Amino acid sequence: MQLQTTVLQATVYRIYQQRALRLLLHLCFWLFMLAVKNYMASITFNVYNGLPTTTLFKINLYSTALLAAFYYTLVYGLYPHAIRAKSMVGSLFGLIMLFILYTVADGYIEAALLRNCTDCMALIERNNPNYHKFLQQQLSNVVFKRFMSLGLPLGIIFMLGMPISIKVGLAALRNAYANAELIKEKAKLELDFLKAQFNPHFLFNSLNNIYGLILRGNIAQSASVIAHLSAFLRYTTYEANNEWMPVAEETKLIANYIELEKIRLNHTKVSVEVTIENPSVQLPSLLLMPLVENAFKHTEDVPGAFVHFVIHVSDKQLYFMEENTIGDSEENKYGGLGLQHLRKRLAFFYPNKHQYELDEQANSYRVTLICKL
């Protein structure tokens with residue numbers, strides 16, 4: 001079962017990642033639809049029964065092309081616009097207009113093909129006189145009767161049921177696989193982050209700094225640092241397992257981390273501006289920590305160095321800005337798995353609702369993150 005799932009997942013990803021393959025599959029599908037329509041029209045009793053093969057093929061070819069145009073306009077034009085606009089009235093109006101345009105084009109093409117074929121009209125008049133009279137009417141009457149009878153709209157819905165079902169099914173599979181992968185990556189990120197906090201080097205530095213404070217007689221500061229370290233480890237051990245956390249708790253975590261980092265700094269100036277309008281606003285847990293970690297990781301503790309954070313959270317928006325000085329060594333080049341995971345989490349939690357901008361200068365680095373909540 002696992003092997004079947006893996007094969008299906010790989011197939012879905014391959015279809016979506018290779019544009020040429022997708023185009024080929026689409027072309028094959030519409031050719032299949034054309035073949036089916038042409039075959040059914042030639043073996044069943046209908047108004048086209050007995051028409052020359054060439055004329056019948058032309059009618060089905062244009063009909064299939066119109067159907068494809070209707071499908072792509074609906075799926076890639078009208079539907080995405082309706083999702084963005086969130087307007088039922090506008091979407092319904094657009095759908096009705098699309099049906100009308102399809103009906104006009106289909107009626108015009110059919111009438112043009114048949115009226116230009118004298119033998120076809122004579123055959124239809126002999127076999128189906130009522131339809132012959134119908135074709136003699138003005139195009140506006142033909143379109144109106146076809147649309148109001150609901151025969152053509154229902155036929156479109158029936159014929160497009162299969163391609164729409166295939167697209168929806170593949171999209172659902174792709175989203176399910178993407179969500180599953182993101183959940184796995186998120187879990188790995190949190191686990192890696194948790195392990196980093198227990199890394200002997202991290203704990204050694206923190207405890208060594210506390211020891212130095214005690215030797216210098218800074219008992220109060222030592223106690224404060226121990227409290228920050230305890231709160232930080234407790235949060236990353238227990239609370240970070242939750243998918244969402246109140247922004248107040250997330251900013252406390254960041255504050256504790258900053259206080260622990262500041263102990264080892266001699267020259268770097270650290271400043272933080274935090275404005276929270278609603279402390280209960282939820283954020284994905286540990287969302288901002290990779291940015292905070294990188295700020296200190298890539299800042300050399302030299303005269304003139306600085307790290308500056310701005311966090312502003314309202315009911316509708318998260319604004320995060322971080323700027324720090326950087327050195328010239330390769331170790332100070334930004335990147336790594338942490339930021340890769342961050343981009344994937346942003347795409348998952350805030351699809352099309354976030355801005356992530358990087359600005360690297362000769363001696364400074366700035367990252368700006370804006371999320372619509």
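A pocket is an open set of grid points where a 1.4 Å probe fits, with protein on both sides within 12 Å along at least five of seven lines. I kept this definition at hand while examining the structure, which is a predicted model.

**Entry 1: the largest pocket.** I looked up the volume of the largest pocket and found about 880 Å³ of space. Its lining has 30 residues, and those closest to the centre are Lys-37, Tyr-48, Asn-60, Ser-63 and Met-159. I then asked which helices supply at least two lining residues each, and I noted H2 (19–43), H3 (53–85), H4 (88–115) and H8 (151–197). The largest share, seven residues, comes from H8. By type, I recorded 19 nonpolar, seven polar and four charged residues in the lining.

**Entry 2: the nonpolar cores.** I turned to the largest nonpolar core, which has 43 residues; Val-292, Phe-296 and Phe-320 touch the most other members. Helix H11 (247–262) is among the elements that supply at least two residues of this core, and H11 gives the most, with six residues. Leaving out residues up to four places away in sequence, I listed Ile-254, Tyr-257, Ile-258, Phe-309 and Phe-320 as touching Val-292. I also noted a second, separate core of 16 residues, which includes Met-33, Leu-66, Tyr-102 and Ile-156.

**Entry 3: Arg-343.** I located Arg-343 in helix H13 (residues 337–349). Apart from neighbours within four places in sequence, Arg-343 is in contact with Tyr-356 and Leu-358. Arg-343 and Tyr-356 are 13 residues apart in sequence, and I noted a C-alpha to C-alpha distance of 8.3 Å.

Notes. Residues are numbered from 1 along each chain as its sequence is written. This is a predicted model: local features need pLDDT of at least 70, side-chain atom pairs count only at pLDDT 80 or more; totals for chains, interfaces and linings use all residues. Side-chain values use heavy atoms; hydrogens and water are left out. Helices (H or I, at least four residues) and strands (E, at least two) are DSSP runs, numbered from the N terminus. Contact means heavy atoms within 4.5 Å. On a 1 Å grid over the protein atoms alone, a cavity is a set of points where a 1.4 Å probe fits but cannot get out, and a pocket is an open set with protein on both sides within 12 Å along at least five of seven lines; lining residues have an atom within 4 Å of a point. Grid points are joined across faces, edges and corners, and a volume is the space filled by probe spheres set on the points. Ala, Val, Leu, Ile, Met, Phe, Trp, Tyr, Cys and Pro count as nonpolar, Asp, Glu, Lys and Arg as charged, and the others, Gly among them, as polar. A nonpolar core is a set of buried Ala, Val, Leu, Ile, Met, Phe, Trp, Tyr and Cys residues joined through side-chain atoms within 4.5 Å. Buried means under 20% relative accessible area, exposed over 50%, partly exposed in between (1.4 Å probe, protein chains only).
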